[in-house]
Amino acid sequence: MQSLQQKASEWSGVPTDDAFAIDDTNLFQKLGLQTFINLSTNFYNRVYDDEEEWFRSIFANSKKEDAIQNQYEFFVQRMGGPPLFSQRRGCMIVCYSRTGHPALIGRHRPFPVTHQAAERWLHHMQQALESTPDIDDDSKIKMMNFFRHTAYILVAGDELKNQNQQVPCKHAAGKDNS
C-alpha cells in the first residue's frame, strides 16, 4: 500500500524533496507578514468569486475574513514565522513533515477534497501567487510545489477516509442489514 506521501508525489507530479524545499529558506523572514496576508486575501477573493458553484459551496459555511486569517496564519507558521495560528486557535500545529500532517487532513475531513477540488484550489493559488508582486520567482516555485503536494496529501487523506467508511467491520460482514 502506498503512503500518503507517495500518492501525493505521484498525483501532484512533485517529488517529496521539491515539496519540502520550502524548508531550505525561511520564507517568512524573506517575504514578511504582509506578503502572506496579501497572498491569502488574493486567493480567497478568487475562491469566493469562483464561477463554479460546486467549488464555492465548499467554502459556504466560512466567513471570507476568517478563511483569510486562518490561511495566512497557517502559512506564516509553516514557513518559518511565529506560531500565530496555534496561538489564536489554541492548538498546536505539529510541523508538517515528510510523513504528512494528520491534523491538516483532519481539519479538511468534512470537505470533499477530490482531485477536481484540489486542481481548482491550485488554479486559484497559482493565480494568487502570480499576482502577489512581493513574492520572487524562486519562492513562488517552492511555495507552489509545497501547495501542490499538500493538496494531494489532502486528496489521499480524503480517499482513505472514504475507503474506511465503505469497509464494514468484521462483525457486520455477511449480515443482512435489511
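## Salt bridges

K30 and D136 form a salt bridge through their side chains, at 3.3 Å from N to O (a side-chain nitrogen of Lys or Arg within 4 Å of a carboxyl oxygen of Asp or Glu). K30 is partly exposed at 41% relative accessible area, and D136 is partly exposed at 28% (buried is under 20%, exposed over 50%, partly exposed in between, with a 1.4 Å probe and protein chains only). The model is predicted: local features need pLDDT of at least 70, side-chain atom pairs count only at pLDDT 80 or more, and totals for chains, interfaces and linings use all residues. Residues are numbered from 1 along each chain as its sequence is written, and side-chain values use heavy atoms, without hydrogens and water.

The whole structure has six salt bridges. Another of them joins the side chains of R120 and E51 at 2.9 Å, N to O. R120 lies in helix α9 and E51 in the loop between α4 and α5, so the pair ties together parts 69 residues apart in sequence. R120 is buried at 16% relative accessible area, whereas E51 is exposed at 60%.

## Nonpolar core

The largest nonpolar core has 43 residues (buried Ala, Val, Leu, Ile, Met, Phe, Trp, Tyr and Cys joined through side-chain atoms within 4.5 Å). F36, M79, M125, M143 and F147 touch the most other members. Helices supplying at least two residues each include α3, α4 and α9, and α10 gives the most, with nine (helices are DSSP runs of H or I, at least four residues, numbered from the N terminus).

M143 touches I22, L27, L31, F36, L39, M79, L129 and I135, leaving out residues up to four places away in sequence (contact means heavy atoms within 4.5 Å).

## A buried glutamine

Q71 belongs to helix α6 and is buried, at 7% relative accessibility. Its side chain makes a polar contact of 2.9 Å with the side chain of S40 (N or O atoms within 3.5 Å; within protein, one must be able to donate a hydrogen and the other to accept it, and residues adjacent in sequence count only if both atoms are side-chain atoms). Beyond four places in sequence, Q71 is in contact with S40, F43, Y44, W121 and M125.

## Chain totals

The protein chain has 10 helices and zero strands. Of its 178 residues, 43% are buried.
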